[in-house]
There are 2 protein chains.
Amino acid sequence: MRAPIAVPTPKDPGGGYTHEQHKRNASLIYDAGQMYRLTGDADYADYAGKLMLAYADVYPSWGLHPAKKEQSPGRMFWQNLNESMWLLNVSQSYAAIKDTLTPDQRAKIEADVLRNMADFLSDGSPETFNKVHNHGTWATAAVGLTGYAIGDENYVEQALLGLDKSGEAGFLKQMDKLFSPDGYYNEGPYYQRFALMPFVVFAQAVQQNEPEREIFEKRDGILKKAIYATIQQNYGGLFFPINDAIKDKGIATRELLHGVAIAYDLTGDTGLLSVAEAQGKYVLTPESRALSEDIAAGKMTDFDYRTMRLGDGETGTEGALDIIRASTDPDDLVLVVKNTSQGLGHGHFDKLGFMVFDAGREILRDYGAARFLNIESKYGGHYLVENNAFAKQTIAHNALVVDETSHFGGDVELGNQNAPVLGTFTDTGDLKITSAEIDTAYPDVLMDRTMAMITDAAFPRAIVVDLIEAHSDNPHQYDLPFYYNGQLTETNFKITADTTVRQPLGQDNGYQYLWRVGTASAIEGLSQITWLLDRTFYSVTSSVPQNSNVIFAEIGANDPDFNLRREPAFILRTNSLNGVSIASVIEPHGEYNPTVEYTLNSHSNVKSVQHFETGGDDYILIETKDGQRVGLGVSGDMTENAAHSVSVDGAVMRWTGPYKLFHSDRHQSEGN
Amino acid sequence: MRAPIAVPTPKDPGGGYTHEQHKRNASLIYDAGQMYRLTGDADYADYAGKLMLAYADVYPSWGLHPAKKEQSPGRMFWQNLNESMWLLNVSQSYAAIKDTLTPDQRAKIEADVLRNMADFLSDGSPETFNKVHNHGTWATAAVGLTGYAIGDENYVEQALLGLDKSGEAGFLKQMDKLFSPDGYYNEGPYYQRFALMPFVVFAQAVQQNEPEREIFEKRDGILKKAIYATIQQNYGGLFFPINDAIKDKGIATRELLHGVAIAYDLTGDTGLLSVAEAQGKYVLTPESRALSEDIAAGKMTDFDYRTMRLGDGETGTEGALDIIRASTDPDDLVLVVKNTSQGLGHGHFDKLGFMVFDAGREILRDYGAARFLNIESKYGGHYLVENNAFAKQTIAHNALVVDETSHFGGDVELGNQNAPVLGTFTDTGDLKITSAEIDTAYPDVLMDRTMAMITDAAFPRAIVVDLIEAHSDNPHQYDLPFYYNGQLTETNFKITADTTVRQPLGQDNGYQYLWRVGTASAIEGLSQITWLLDRTFYSVTSSVPQNSNVIFAEIGANDPDFNLRREPAFILRTNSLNGVSIASVIEPHGEYNPTVEYTLNSHSNVKSVQHFETGGDDYILIETKDGQRVGLGVSGDMTENAAHSVSVDGAVMRWTGPYKLFHSDRHQSEGN
């Protein structure tokens, strides 16, 4: 507040000086308003008012921004999204301090900043304002908050019901459409976090100004559900990086600081105090202050991290994000299966893809977005060309690729129209499992995938079982990538490494960004690969068709600007006339302890994985090196009471219902 | 202690079952002995005695280990080093519990385990026992501790004075030879940590049994100095990874747990309590317990992390490790310059090399050793072939390479004979600086390097200045690598990337392990490269000869077993008829904050770096983008009172003594 005021004429794109300065000013105005509200110290109000007046002097003269973005341009910023964010902050501050201003000052700020900008963002930008999309929510929230701040009900009505107040657009429609009944946001958690901010902030204003609207009770408490769903979608404090996600975003972002504080205010759930403690910082609101006070008062309990299916789509029927956790410990093994719908323009083409997390780290990972947010020298902080060309493509994910092409041919529209069909999601403690299938990702291929987390005494820790199948009457090449994180330590085959020349793995659909670094042949239909990350070993043991190959790859070919991270993968490749089945066990094991100098169980405990099929029913048999056998039955028909049987090595394995875990003898003899 | 005892017949190498089981038993015996000492609970003594008796039953029958290592083999373990470690633990436990055993039991354990093994390690392995080397120290300490434990002064005398008790070998000789007067161990901190354990543990026994020897006072308190020197050589809790270092070893290793506890017992330095807290764990000794009690009692103060020169060699005249810290904050900017001697067989060929650390991370890094310690599938846990072939070679380091060959032609003996000649080491607060030169690394090239850390108001943080010169009358190619850690964000030139074919950078001397990933030309003698690591940007701006090239490289070519980490580097390459001078500024700057979504100062603040020379004197002029000028004078003659001058852009810059920092106008006007 001692520094001179700087309100520069708009010039730079995201990350540049004028962009950052206007963002900084919005934060200053917001914080000063909040500090005035919390302390009553007039210096804060004076400062906020002075800055608002400085904007009133110049804002009306600003036309469209010179560096306007591909999307809807702003005037202060390159895109009007930033303008909405600015107004959302400033209008709240104005509400807090307006009583300290003279009538002339109020008139000037209201006319030349608040109304001028609100008009630009509403009537002046109908394509954004009326859009059922997060940019629309920022715009409606900003305009609605302005309405409450200056006492103009017309802005509030337009914000809630759309420009024509019909209810066909606007904030309430966005509440209905943008979250699934489980509170999942269909672009994924990275954008969910971002979208959440205007929802919770404006909803809180609605609640305070018009409690009779009971906005937090609408749709069975959808906004509370959305906050909880966002929290559930983090690992190690960072969001599951599906779709266009910047990986270092997580629960400590400003949006979630507000979200958690408001949720705690609404629910009193002391588990949220654990989340607040993990966030490690606070915002200048009474709700956030209450969090810190209640943590200090010792009210904190563990947050209830859960195994859960988050249905996707307005009615929860367009796929789901399936989250399977080994325990409530947030750093324990987690499997995330992406059975969601496409997720609009920020969606990736990775149907039935998955990620595994363990020990606080990504183990089998998703690339996320190819973008350096706010870093000017990296294409101005925009999404990089490699985002569409690589990061969105199927081969960039742990998802099945047919004939080196992406799902839906890389067509977003086609993707948006076709979600996976979900199988049953079950959590019985020892067996947590999900299935899904999709026949629209490729014209003549039905893909289905069942992924389970299993606890059995044959393994010291929980393991993941993966059965992926492609059904087709035509010959195809099938590639199943595993983007492993760590240093390769062991394989059951000899790798022919590309030691003196490296070339791209393919020409198109993302393949051109992968170097081929080695090839191998699976041994008698078995591929076993072990790597080390930090202190834990991980093995993937897969039953593959005879003559399958294993390709080792690394991201970074055709990357003239050094835009991509160098990350390794192995790819199980099969050519087949009539589909493919691959059953894999993903197994965390052992310990490498460099401090005390010991290494335990650096080898996989899996001797073999076999896949048996009878009719439409499947049985995966896992044999351990010490002779234990664990089985998993998966039904072709998900009906609750249907009987199933599969012939396995001469015996017949029978069960009822969608799935059945057959424990090892050791598990049973130990009385589990 | 409830589990059944297992004393398997020796079979496996390091990392294998029998190896790990015997190590585990030694820990159990040691811990049980210590627990008996601390608690007086007879169960612990019984258990330790039972395990020792189990060994007495079988040890005499064991011949040399079937998987014996290249080095001196053991009987219980593949190398007798492990056997020394086992005896060091067990003899201490025996001393603690022997009064609880019957005379028969004592006789059996002493004859069939302690004496049997001590004889094997002393008279039976003279080449190790009499060697002035860390394996020798483990052997002498183990045998000496056995002597105290069973009351046989002969073992103690042999341990202290060598097999023939002449004093030409043995522990006291090792104390004289293995540490420099500053407490530096000439293989570097990774082996220093390891070597420290037997020194401090046996010395403590000598102190307790024969205080009249005043062992901790010998050589001006050399063992205390060695402990402190080891601590000073860590960053972020991990040792500076020079020479054959496993990177994840640091102050939390068992050796340092003992070392810090014993040092605290000897000195009462409460700064050591900070180190103990950072270690985060304790060993079962009264000294370690005292640490935890005094931390709990609030006696802890900051450890005095210092800018210091650690002289190398028995008399401190064979080079030095120069450590330059921006502040006492252990996570602040640190520059380490490796002006040491070769460091025997574990030394790397990286004369005048350096590393930079910041924000808790490696910024410009050393590869360390190519080895997966104790991981059987990685060449049995041994040093990998890539260790000699790549990790030790000069091109694997931030050190000058001439004609794509390593220093001393990669000849360890030649390296051991030739240390750098040191210039003055100075710390004046704003200027911390060191110089060294060497004319033996290459037959016809004299290399010298001056590295400084500078604080000036023209830069918000401290910066590093590097002046490296090679003097030669013959044409050579000079390569100066920078192994940067992070994602490239900006260069002042266009890179021609190897986007569709990658080939090794060279054929030999480590070059064959580098992929060339791009090339560029410096612009008018200036190369500026910026990268991002975590939340900070780093730039290296270098003044290079006209027509110099910049090569971008990545580790991982010719690596059929996926043994090497994929790490990037850029290499400044110049061909010259008569030597080369390269002046660089290494500059941490800006902040990338993905949580709050802002980016500050992502561009370097350096506009130009220029190098002026008059006679043997040098002047480096740094101009910032906002017009500030900072200069550094470096004298050819290091005499304290000699006058120097260099012509710089028409002006003459004068100073007296080895170095002079010429501050910016801003620095002076701000009254600094």
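**Cavities, cores and a sheet in a predicted model**

The structure holds three cavities of 30 Å³ or more. It is a predicted model.

**Cavities**
- Rolling a probe the size of a water molecule over the atoms shows where empty space is left.
- The largest cavity contains about 50 Å³ of space.
- From chain A, its lining includes Ala497(A), Asp498(A), Thr499(A), Arg502(A) and Val517(A).
- From chain B, the lining of the largest cavity includes Trp515(B), Gly556(B), Asn558(B), Asp559(B), Phe562(B) and Arg566(B).

**Nonpolar cores**
- In soluble globular proteins, nonpolar side chains tend to be buried together.
- The largest nonpolar core has 171 residues, and the most contacts inside it belong to Trp86(A), Phe202(A), Phe390(A), Phe552(A) and Phe570(A).
- Helix H9 (residues 189–209) of chain A supplies the largest share of this core, 13 residues.
- Another core, of 170 residues, lies apart from it, and Tyr55(B), Leu400(B), Leu488(B) and Leu505(B) are among its members.
- Leaving aside neighbours within four places in sequence, the contacts of Phe570(A) include Leu480(A), Phe482(A), Ile529(A), Trp531(A) and Phe552(A).

**The open sheet in chain A**
- Five strands of chain A make up an open sheet in the order E3-E4-E5-E6-E7, with antiparallel pairing.
- Strand E3 (308–311) and strand E7 (361–364) are the edge strands, and each pairs on one side only.
- On average, neighbouring strands of this sheet are turned by 20 degrees against each other, direction ignored.
- Strand E4 (residues 319–325) and strand E5 (residues 334–340) of chain A run antiparallel and are joined by seven bridges.
- Ile324(A) has Leu335(A) as its bridge partner in E5(A).

Methods:
Residues are numbered from 1 along each chain as its sequence is written. Chains are lettered from A and ligands numbered from 1 in the order in which they are written. This is a predicted model: local features need pLDDT of at least 70, side-chain atom pairs count only at pLDDT 80 or more; totals for chains, interfaces and linings use all residues. Side-chain values use heavy atoms; hydrogens and water are left out. Two strands pair if DSSP finds at least two bridges between them. Helices (H or I, at least four residues) and strands (E, at least two) are DSSP runs, numbered from the N terminus. Axes are lines fitted to C-alpha atoms, for helices over the stretch in contact, and angles run from 0 to 180 degrees between N-to-C directions. A nonpolar core is a set of buried Ala, Val, Leu, Ile, Met, Phe, Trp, Tyr and Cys residues joined through side-chain atoms within 4.5 Å. Buried means under 20% relative accessible area, exposed over 50%, partly exposed in between (1.4 Å probe, protein chains only). Contact means heavy atoms within 4.5 Å. On a 1 Å grid over the protein atoms alone, a cavity is a set of points where a 1.4 Å probe fits but cannot get out, and a pocket is an open set with protein on both sides within 12 Å along at least five of seven lines; lining residues have an atom within 4 Å of a point. Grid points are joined across faces, edges and corners, and a volume is the space filled by probe spheres set on the points.
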